[in-house]
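Subject: Structure handover

Hello,

Here is the structure I promised to pass on. My notes follow below it.

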Amino acid sequence: MLLLCQILTAQGDDLLSEIDTDSNGDQYATAAFKGLKIVNFESTKLVAKQELTFMVSHRFGSIENGFDSFFGLDDAVTRLNFVYGITDGVNIGVSRSSFQKIYEASAKYRLVRQKENGFPFTIVAYNSILINTALEKENLPKLEFRDRLGYTAQLLISKKVSSKLSLEVAPTFFHDNFVAYDEQHNSQYAIGFGGRQKLGKRWSINLDYGCHLNRADGSPFKNPLSIGFDLETGGHVFQMHFSNAQAMNTNGFLGQATGDWSDGNIYFGFNLSRVF
């Protein structure tokens, strides 16, 4: 029993040592973000070499209907995402979301790192391809497989301003072969803004916003604004957030956000990640 207690204590110390480490002893700025996502947008954090991160993302329905939908519980969607570190600077991922039954494959790779006394930014590229399997042939007689596809190309540029504040900008191109609003161009452009402010050793407040640059006139969709909190515990990060977008893949939350903060049409959700 004493030996077991010693082993468990040592494992607990190892996990707690992962919490909020700001520097790894080299000249690079580290721990700008603790989660792979800020809220909706990808952060510049990557999974370490030969590690596998499993992320469960859950987004309830709109809270505006109150008890009729139990504040969105009845209309929830879930995304399961696996991310593997090929190297410390190259990640690959696969996911499945119940929103439009989307399957997605992604690659995320670091181009340059912020140095404490050198280059002022970390720059990471992110690319993905998705398949929308919810489109029905009965409703779209001319539907082909290529119509189900969508693509994302993104640059994530972050700066750790201080030990408590990190900021990011994310110029984004995304393309949907099928768009929900006929007047919308298939190729779309956006720029995202995000940040993380530490509130304590384990808590931070996160915010991101996406500005769509060529949204069609008359489109029913909105720019996504999201705010949330990160709780760091040894071995995983728990993110709780509110957003006006229910979709959790980039094409979805940038191109098809339907909520409106001004009338309470917002969605509560969370991301829970575990590293293996």
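Start with the second largest pocket. By class, 10 nonpolar, 11 polar and four charged residues make up its lining. Bear in mind that the model is predicted.

The volume of this second largest pocket is about 260 Å³. Its lining counts 25 residues, and D176, F178, V179, A180 and Q256 are the closest to the centre. Two elements, β5 (122-132) and α2 (250-255), each supply at least two lining residues. α2 gives the most, with three.

Next, the core. The largest nonpolar core has 12 residues. They are F41, L46, V124, Y126, L156, A170, F174, A190, A245, F253, L254 and A257. At least two residues of this core come from each of β5, β7 (165-176) and α2. So β5 and α2 turn up in both places: each supplies at least two residues to the pocket lining and at least two to the core, by the DSSP runs that define strands and helices.

L156 is one of the core residues. Beyond its neighbours within four places in sequence, L156 is in contact with E42, S43, T44, K108, T122, I123, V124, Y126, E168, V169 and A170.

Last, Q184. This residue sits in the loop between β7 and β8 (187-198). Q184 counts as buried because its relative accessibility is 8%, and the cut-off is under 20%. Q184 and R215 are 31 residues apart in sequence, yet their C-alpha atoms are 6.6 Å apart in space.

Best wishes

Note on methods:
Residues numbered from 1 in each chain as written. Predicted model: local features only at pLDDT ≥ 70, side-chain atom pairs only at ≥ 80, totals over all residues. Heavy atoms only, no water. 1 Å grid on protein atoms, 1.4 Å probe; cavity = no way out; pocket = protein on both sides within 12 Å on 5 of 7 lines; lining within 4 Å. Points joined across faces, edges and corners; volume = space filled by probe spheres on them. Helix = DSSP H or I, 4+ residues; strand = E, 2+ residues; numbered from the N terminus. Nonpolar A, V, L, I, M, F, W, Y, C, P; charged D, E, K, R; others polar. Core = buried A, V, L, I, M, F, W, Y, C linked by side-chain atoms within 4.5 Å. Buried < 20%, exposed > 50% of the residue type's maximum accessible area, 1.4 Å probe, protein only. Contact = heavy atoms within 4.5 Å.
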